[in-house]
Amino acid sequence: MDIQLTSVLRQAENIVTRTVMGETLLVPISGDLASMDELYTLNDAGSYIWQALNGENSLAEIHEQMKEEYEAPSEIIESDLLEIVRDFADAGLIVAET
């Protein structure tokens with residue numbers, strides 16, 4: 001998947017999200033079974049990005065929102081955003097909105 005700041009992405013439909021003791025967990029579902037071998041735990045920034053991937057916001061819009069939320073240089077936020085989203089894509093957790 002080609003990831004750019006203009007990309008609009010959403011969470012894949014086969015992913016269940018749960019918050020346990022303040023941590024966001026992503027569990028892929030195949031059929032009626034949860035794939036516990038592929039359980040993902042997100043840090044604070046990953047959780048923020050995950051919630052923002054709703055199929056409506058471009059990554060540029062998410063980047064702008066994150067600049068208001070986090071005290072870090074813009075280029076660091078952009079780099080982290082793209083890295084995390086690419087990791088989500090590589091794991092099959094997100095899809096491009098058409």
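Is W50 buried or exposed? W50 counts as buried, at 0% relative accessibility. Buried here means under 20% relative accessible area, exposed means over 50%, and partly exposed is in between, with a 1.4 Å probe and protein chains only.

Before I go on, the ground rules. This is a predicted model, in which local features need pLDDT of at least 70 and side-chain atom pairs count only at pLDDT 80 or more, while totals for chains, interfaces and linings use all residues. Residues are numbered from 1 along each chain as its sequence is written, and side-chain values use heavy atoms, with hydrogens and water left out.

Back to W50. This residue lies in helix α1. Helices (H or I, at least four residues) and strands (E, at least two) are DSSP runs, numbered from the N terminus. Which residues does W50 contact, leaving aside its neighbours within four places in sequence? They are Q11, I15, T17, L26, L42, F88, L93 and I94. Contact means heavy atoms within 4.5 Å. S7 lies 43 residues from W50 in sequence, and their C-alpha atoms are 14 Å apart in space.

S7 also turns up in the surroundings of S58. S58 sits in strand β6, residues 54-58, and is buried at a relative accessible area of 12%. Not counting residues up to four places away in sequence, S58 touches L5, T6, S7 and V8.

Next, the helix packing. Two packed helices are described by the angle between their axes and the distance between the axes. The axes are lines fitted to C-alpha atoms, for helices over the stretch in contact, and the angles run from 0 to 180 degrees between N-to-C directions.

Take α1 with α3 to begin with. Helix α1 covers residues 44-52 and helix α3 covers residues 74-90; they pack at about 70°, with 10 Å between their axes. The two are therefore roughly perpendicular to each other. On the scale used, angles under 35 degrees count as roughly parallel, over 145 as roughly antiparallel, 65 to 115 as roughly perpendicular, and the rest as oblique. The crossing of α1 and α3 is right-handed. A crossing is right-handed if the near helix is turned clockwise from the far one by less than a right angle, and left-handed if anticlockwise.

Which residues make this contact? From α1 there are A45, G46, I49 and W50, and they meet L81, I84, V85 and F88 in α3. By class, that contact has 7 nonpolar, 1 polar and no charged residues. Ala, Val, Leu, Ile, Met, Phe, Trp, Tyr, Cys and Pro count as nonpolar, Asp, Glu, Lys and Arg as charged, and the others, Gly among them, as polar.

Now α2 with α3. Their angle is about 130°, with the axes 10 Å apart, and α2 and α3 are therefore oblique to each other. This crossing of α2 and α3 is right-handed. L59, I62, H63, M66 and K67 in α2 meet S74, I77, E78, L81, L82 and V85 in α3. The classes in the contact of α2 with α3 are 7 nonpolar, 2 polar and 2 charged.

How many does a search of the whole structure find? It finds 3 salt bridges. A salt bridge is a side-chain nitrogen of Lys or Arg within 4 Å of a carboxyl oxygen of Asp or Glu.

One of them joins K67 to E64, with the closest N and O atoms 3.1 Å apart. Both residues lie in helix α2, residues 59-69, and they are 3 residues apart, about one turn of the helix. K67 is partly exposed at 34% relative accessibility, and E64 is partly exposed at 41%.

R10 takes part in a salt bridge with E97 at 3.1 Å, N to O. That pair links distant parts of the chain: R10 is in strand β1, residues 8-11, and E97 is in the segment after β7 (94-96), 87 residues apart. R10 also forms a salt bridge with E13, at 4.0 Å, N to O. Through shared partners, R10, E13 and E97 are joined into one network. Within it, E13 is exposed at 72% relative accessible area, R10 is partly exposed at 25%, and E97 is partly exposed at 33%.

Last, a backbone point. M21 has a positive phi of about 50° although it is not a glycine. M21 is placed in the loop between β2 (15-20) and β3 (23-30), and is exposed, with a relative accessible area of 84%.
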